[in-house]
Amino acid sequence: MGARQNGGGIFALSAAGLSVVVPNWNGRALLERFLPTAIEAARAFEAACGQPAEVLVADDASTDDSEPWLRVHWPEVRLERSARQQGFAPTANRGVREARFSLVYLVNNDVALTAGTLPPLAAHFRDANVFAVTGNAYDFASGILRGAGQRGRLRRGFLGVHSRFFVPTPPAQMQPLITLYATGGSSLFERDKFLALGGFDEMLAPYGWEDVELSLRAWKQGFEVRYEPRSAIWHQFSSTIGAHVPRRSATATYERNRLLTHWLHLDTYGQEISHGLGVGVKLLASPFSGRTEYWQAFAQARGLWDKVRARRAELRKTQQRTLAEVVSKIDEQMSRPEVRPLDAASAPISPYVRPETCRSFQAESKRAP
């Protein structure tokens with residue numbers, strides 16, 4: 001597939017094209033602000049790679065005016081709509097199934113793209129073993145780098161997923177970097193592999209940990225998840241869940257899905273014993289810290305135990321790597337000279353600059369009847 005030329009261009013990809021899939025729930029205001037950047041990025045991909053692209057909004061039964069607004073202002077954008085609200089995982093899965101092309105960029109409706117976001121990601125799929133690729137995620141308001149490559153750390157019975165790394169200055173020739181998971185809010189997937197693995201596990205609906213779980217599933221089935229520092233997006237964090245869902249309810253859902261992911265992917269008896277002890281400590285301590293939602297999360301997860309056990313047995317039949325092997329494989333690259341840990345002190349700042357084309361798109365949208 002695509003590879004960089006010495007002059008900085010990109011060879012044509014053998015893939016049929018690229019679909020940008022935008023899950024949406026009551027996000028008309030966000031679509032008005034950010035959808036033009038997705039359209040511009042899709043057009044830039046077509047120009048750079050010589051392959052067709054499309055933008056598809058997968059709507060999760062919105063009750064606002066998302067649908068009529070899209071049909072009036074962006075009739076060229078495809079719309080796939082659910083009859084009832086189901087959550088992120090089912091909505092994203094439907095969007096991927098409806099996508100016309102073999103590469104699918106899943107992106108939240110509160111994310112700004114640029115003309116340079118997609119081609120560096122697509123170039124990785126010349127390697128048939130790549131499942132997904134993710135890039136840098138800057139905070140839309142501050143421009144601070146918040147998301148990049150992800151390491152994993154097994155400690156006290158839990159997998160930590162928020163130890164990040166980045167590449168301040170990517171060299172012209174750089175060996176690919178791998179990452180623990182590709183975020184569901186701004187990553188490029190190969191559609192056939194995504195669907196063959198079953199997509200996001202809908203047991204984790206409505207939201208939380210579905211991207212971590214799918215990436216672990218892909219890693220353990222023998223695929224790779226990569227990090228591409230030449231690709232960037234700007235994310236207006238917590239625009240949907242944070243704005244519409246009470247904090248305690250969101251925390252309970254997140255913790256439930258964290259437990260389910262561990263129960264699916266811990267491999268050894270020792271890991272399971274350590275995890276059980278860690279869960280016990282959290283259950284005992286949570287009432288004293290005022291976090292009673294952890295008991296709610298545990299009860300909900302425990303109610304799905306039979307389903308989890310059957311799913312885990314199914315996955316282990318074709319498993320090629322253990323969780324510890326995946327974590328170790330990612331840690332090995334931290335000795336590379338171009339790689340640096342990402343923290344508050346090292347995080348670079350890169351404010352989002354809206355392209356003139358996006359401004360003209362918005363002007364056209366506002367003039368439309």
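1. How many bridges join strand β2 to strand β3? Four: β2 (residues 53-59) and β3 (residues 78-81) run parallel. Helices (H or I, at least four residues) and strands (E, at least two) are DSSP runs, numbered from the N terminus. Two strands pair if DSSP finds at least two bridges between them. Ala 58 has Glu 80 in β3 as its bridge partner. From β2 the chain passes through helix α2 (residues 66-73) to β3, a right-handed β-α-β crossover. Right-handed means that, with the strands pointing away from the viewer, the path from the first strand over the helix to the second runs clockwise.

2. The model is predicted: local features need pLDDT of at least 70, side-chain atom pairs count only at pLDDT 80 or more, and totals for chains, interfaces and linings use all residues. Residues are numbered from 1 along each chain as its sequence is written, and side-chain values use heavy atoms, with hydrogens and water left out.

3. Three strands form an open sheet in the order β8-β9-β13, with antiparallel pairing. Its edge strands are β8 (149-155) and β13 (340-342), each pairing on one side only. β8 and β9 (residues 158-166) pair over six bridges. Gln 150 has Arg 164 in β9 as its bridge partner.

4. Tyr 269 lies in helix α9 (residues 269-289). Tyr 269 counts as exposed because its relative accessibility is 65%; buried means under 20% relative accessible area, exposed over 50%, partly exposed in between (1.4 Å probe, protein chains only).
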